[in-house]
Amino acid sequence: MTAAANLLTITAVLAGAFFFLAGTVGLLRFPDTLTRLHALTKADNLGLGLVVLGLLPRTGSVVAGFKLILVWLLVLLASSAVSQLIARNARRSPP
Amino acid sequence: MSIATHISLALLLLGLAFWTIVVRDTFSAVAGFIPYGLLLTSAWLALAAIDVALTEAAIGAGLTGALLIAAASRLHKTEIAARAEQRGTITRILAAILATTMTAAIMACILRLPDRAPTLAPTVARHLAQTGVGNPITAVLLSFRAMDTLLEAIVLLVGLIAIWSLAPDRAWGGRPGQAQTEDPKGPLAYLARVLPPIGIVIAIYIFWVGADHPGGKFQGATILAAMWLLVMMSGLSDAPAIDRGWLRFLLIVGPAAFIAVGFLGVVVAGAFLSYPTGFAKLLIVLIEAALLPSLAVTLALLLAGPPRRPGRRA
């Protein structure tokens, strides 16, 4: 049981870290604002979700687990709204 | 955290601080300052100072960052002209010498600190039970050093008065900032409808656990202020005119309650801001509860800026 939980933690956190890395590379390499936003939001949301998933077996209490999930949901909400706003401003004022 | 994490955190902090200073563009400097505050939050977490980390994230990175972004976008028009001004070589050399000497002096002071820094922590820990609160930070802020916290709350109020005094005569008593023309069905309005209920619960939770765990009125008030600002920015509810009675009342209720409890201490316990035995926790919670709305309104209005348009529709 512990081994399975550890395996889940290692796999999920590593996968999350990979998505963060991919998102960062996309942010640095993509040519314009919209594609950079695309890289950043997709990768960060999924990356953070996987890190949270990996940390869930380590929380020790159900409440702490729910707090982690709440953090992820709040980040999803905020980052999607913010990237909509950035994208709209970028479309209105082309560089 | 391992030593490698600590070292990379310190290097990142130093690098970002350096970049924030040397970059010429004001907006880029601000854009460097905000992640700097968030990294500093991680540094405080690494030092197990969770209260400080919460405050740094809320006030240092969040609130100050937002203030600086507003300032930078306002300076944008005049910035190119200001950058064209070049000081003479002698002035620049003198400034460099002064700054370097200052840094060297501070470094020398820190290196000469005694190995075991003088600390009052054991004394605080010994007398913690008398205050009735479980979080030593709250005990220090509201019992042992209550005077500092009182002055801090008053300083914020004075800061707000200073901002208001920048108002042009015709707008005095009016509403701060520009009228918002945000799309009422857009993403910002959606966020401003969904987020505040969650934010208010979290703010009150952080305020309430502050007695025994990391948290407290300042962090809670910052979240409340952020929620209110979100509603104002999305255009769902206009910023209030600054001559409203309820607004003025909310601004002063916290410091006024604090001062009243202070004078109560003179009568009952023999010194300003000393709490009568057995009532310490009750009075501390009372002061914090009165400070929460005051701080939230003050912080939100600090960001909203000076009044710029008449409050009542003509």
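This is a predicted model: local features need pLDDT of at least 70, side-chain atom pairs count only at pLDDT 80 or more; totals for chains, interfaces and linings use all residues.
**View 1. Ala48(B) is exposed, with 9 other C-beta atoms within 10 Å.** Residues are numbered from 1 along each chain as its sequence is written, while chains are lettered from A and ligands numbered from 1 in the order in which they are written. Ala48(B) sits in the loop between α2 (26-46) and α3 of chain B. Helices (H or I, at least four residues) and strands (E, at least two) are DSSP runs, numbered from the N terminus. The phi of Ala48(B) is near 60°, a positive value in a residue other than glycine. Most residues other than glycine have a negative phi.

**View 2. Leu273(B) also has a positive phi, near 65°, in a residue other than glycine.** Its loop lies between α10 and α11 of chain B. Leu273(B) has 22 other C-beta atoms within 10 Å, so the residue counts as buried.

**View 3. Thr100(B) is placed in helix α4 (residues 89-111) of chain B.** Thr100(B) has 10 C-beta neighbours inside 10 Å and therefore counts as exposed. The helix is hardly covered: zero of the 23 residues of α4(B) are buried. From first C-alpha to last, α4(B) reaches 33 Å, close to the 33 Å expected at 1.5 Å a residue. The expected span is 1.5 Å times one less than the number of residues in the helix. Thr100(B) and Gly220(B) are 120 residues apart in sequence, and their C-alpha atoms are 39 Å apart in space.

**View 4. The largest nonpolar core has 57 residues.** Such a core is a set of buried Ala, Val, Leu, Ile, Met, Phe, Trp, Tyr and Cys residues joined through C-beta atoms within 7 Å. Leu295(B), Ala296(B), Leu299(B) and Ala300(B) touch the most other members. Elements of chain B that give two or more residues include α3 (50-84), α8 (187-209) and α10 (245-268). The most comes from α11(B), with 15 residues. Domain 1 (1-118) and domain 2 (133-314) of chain B both contribute, so the core lies between them. Leu295(B) touches Ala153(B), Leu156(B), Lys217(B), Phe218(B), Ala221(B) and Gly254(B), not counting residues up to four places away in sequence. Contact means that two C-beta atoms, placed from the backbone, lie within 7 Å.

**View 5. Chain B is divided into domain 1 (1-118) and domain 2 (133-314).** The bounds come from an automatic or database domain assignment. The contact between them takes 10 residues from domain 1 of chain B and 10 residues from domain 2 of chain B. The domain 1 side divides into seven nonpolar, two polar and one charged. Here Ala, Val, Leu, Ile, Met, Phe, Trp, Tyr, Cys and Pro count as nonpolar, Asp, Glu, Lys and Arg as charged, and the others, Gly among them, as polar. The C-alpha centres of domain 1 and domain 2 of chain B lie 27 Å apart.

**View 6. Six residues of chain B are in contact with four residues of chain A.** The chain B side of this contact divides into six nonpolar, no polar and no charged. For the complex, the predictor gives an ipTM of 0.83 and a pTM of 0.86.

**View 7. In chain A, the buried residues of α2(A) pack against α1 and α3 (62-92).** Among these buried residues are Leu37(A), Ala43(A), Leu50(A) and Val51(A). Asp44(A) in α2(A) is buried too. The 23 residues of α2(A) should span 33 Å at 1.5 Å a residue; the end C-alpha atoms are 32 Å apart, which agrees. Among the elements of chain A, helix α2 (residues 33-55) has the lowest mean pLDDT (88), and helix α1 (residues 2-29) the highest (90). The pLDDT is the predictor's confidence in each residue, from 0 to 100.

**View 8. Chain B holds 11 helices and two strands.** Buried residues make up 28% of its 314 residues. Among contacts in chain B between residues at least 6 apart in sequence, 74% join residues at least 24 apart. The C-alpha atoms of chain B fill a box of roughly 65 × 60 × 35 Å along the principal axes. Chain B has a mean pLDDT of 87, and 98% of its residues reach 70 or more.

Technical notes: A residue is buried if 20 or more other C-beta atoms lie within 10 Å of its own, exposed if 12 or fewer, and partly exposed in between; C-beta atoms are placed from the backbone.
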